Amino acid sequence: MDEATHDALCIAKVVSCPAADVGCDHQCTRLLLSQHISTCSILPLRIILLKQQAMEQQIKDMAKELKESKARIHQLEATVLVLKQGHHQQTNKVNEEKLNRFQPGLGTALQSNTIGKLALKKTPNFQESVFEALAEALHSNSSLQHLELRECDFLSHKGNQLLLGEALRVNSGLTTLYITSCQLGDQGAQAIAEAFHTKSTLQQLGLNDNRLGDQGAQAIAEALHGNSSLISLNLRSNSIGDRGARAIATALHTNSTLQSLDLQDNEIGDQGAQVLAGALASNSSLQLFNIMDNKIDSFGIKALGRVQGQCAIRL
């Protein structure tokens with residue numbers, strides 16, 4: 001009999017339990033193996049334990065793949081960051097040159113943070129492409145505190161409104177913003193409102209003659225609820241009616257920082273005047289309220305007259 005056959009048949013050969021691969025370390029002669037099998041507590045669970053081992057190995061393999069994937073993602077993110085930085089630098093350079101062509105030194109001043117005040121009016125030279133460069137420059141500029149835009153009708157386009165809103169949201173230095181006669185409409189008001197809703201630097205906002213209407217006034221009013229930095233708001237000549245006045249009044253009940261509110265030359269009637277009077281009665285911060293040249297009759301005038309002592313009211 002050859003050695004292999006002997007090993008397979010020898011009853012005195014020491015063998016392991018069939019459940020050795022799942023944790024049973026019992027060894028005995030082949031003669032006694034059947035006795036062990038009948039009492040082994042691990043063997044009946046062998047199939048389940050093998051599946052558990054396979055699942056654990058699968059989890060380990062997946063964890064390894066995930067770790068490797070994360071490493072590849074980090075490498076890709078680093079590559080993208082480098083590319084973005086290069087693109088950003090290139091974009092900044094292009095914008096700087098474009099602004100310098102429009103007004104010598106403007107792009108360089110914005111890029112190097114050496115300009116504090118800027119007032120621009122639409123001219124043959126100040127067109128949409130220059131505005132786009134300006135909006136991009138505002139993302140990284142921190143020195144500009146005062147910005148005025150006048151008669152820039154390209155701000156009636158939604159894309160430019162979004163560019164302006166994003167620039168205002170990201171910019172960290174602007175404290176005064178006047179946008180006059182730029183046809184913003186209610187969508188433009190919404191874009192600006194979203195920017196200054198929680199913005200902590202903007203103190204003065206003027207949106208005169210921009211066709212905001214009641215919806216635009218409602219957007220600005222909603223932003224006032226969460227804003228704690230704005231002290232002056234000018235909404236002259238925007239066709240704001242009683243609905244817009246009601247929204248502003250609601251904001252005045254909660255806002256505690258606004259000191260000056262100008263609603264001159266709108267469409268506010270007695271109802272709007274009455275709710276505004278109620279808001280003034282509970283507001284402790286407002287010092288100057290201009291509501292001249294609206295559609296207020298005796299009832300509204302009387303209501304506002306009763307709270308004249310709360311702040312200076314111009315009727």
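At 3% relative accessibility, F154 counts as buried, where buried means under 20% relative accessible area, exposed over 50% and partly exposed in between, with a 1.4 Å probe and protein chains only. This is a predicted model, in which local features need pLDDT of at least 70 and side-chain atom pairs count only at pLDDT 80 or more, while totals for chains, interfaces and linings use all residues. Residues are numbered from 1 along each chain as its sequence is written, and side-chain values use heavy atoms, with hydrogens and water left out.

**Aromatic residues**

- Across the whole structure, two aromatic pairs are found; rings of Phe, Tyr and Trp (its six-membered ring) pair if their centres lie within 6.5 Å, and planes under 30 degrees apart count as stacked, over 60 as edge-to-face and the rest as tilted.
- F126 and F154 make an edge-to-face pair, with 5.7 Å from centre to centre and 85° between the planes.
- Because F126 lies in the loop between β3 (117–121) and α5 (128–140) and F154 in the loop between β4 (146–150) and α6 (158–170), this pair ties together parts that are 28 residues apart in sequence; helices (H or I, at least four residues) and strands (E, at least two) are DSSP runs, numbered from the N terminus.
- F126 and F154 are both buried.
- F131 and F154 form a tilted pair, at 5.5 Å centre to centre and 40° between the planes, and this pair links F131 in helix α5 with F154 in the loop between β4 and α6, 23 residues apart.
- F131 is itself buried, with a relative accessible area of 2%, and F126, F131 and F154 form one aromatic cluster.

**Cysteines**

- The structure holds zero disulfides, a disulfide being a pair of cysteine sulfur atoms within 2.5 Å.
- The closest cysteine sulfur to that of C24 is in C17, 3.7 Å away, which is too far for a bond.
- C40 is likewise in no disulfide, and its nearest cysteine sulfur, that of C17, is 3.9 Å away.
- C24 counts as buried at 8% relative accessibility, and C40 is buried with a relative accessible area of 7%.

- D61 lies in helix α3 (residues 46–102) and is partly exposed, with a relative accessible area of 37%.
- The C-alpha atoms of D61 and E96, which are 35 residues apart along the chain, are separated by 51 Å.
- Buried residues of α10 include D270, G272, A273 and L276, and the buried residues of this helix pack against α9 (242–254), β9 (288–290), α11 (298–306) and β10 (312–314), contact meaning heavy atoms within 4.5 Å.
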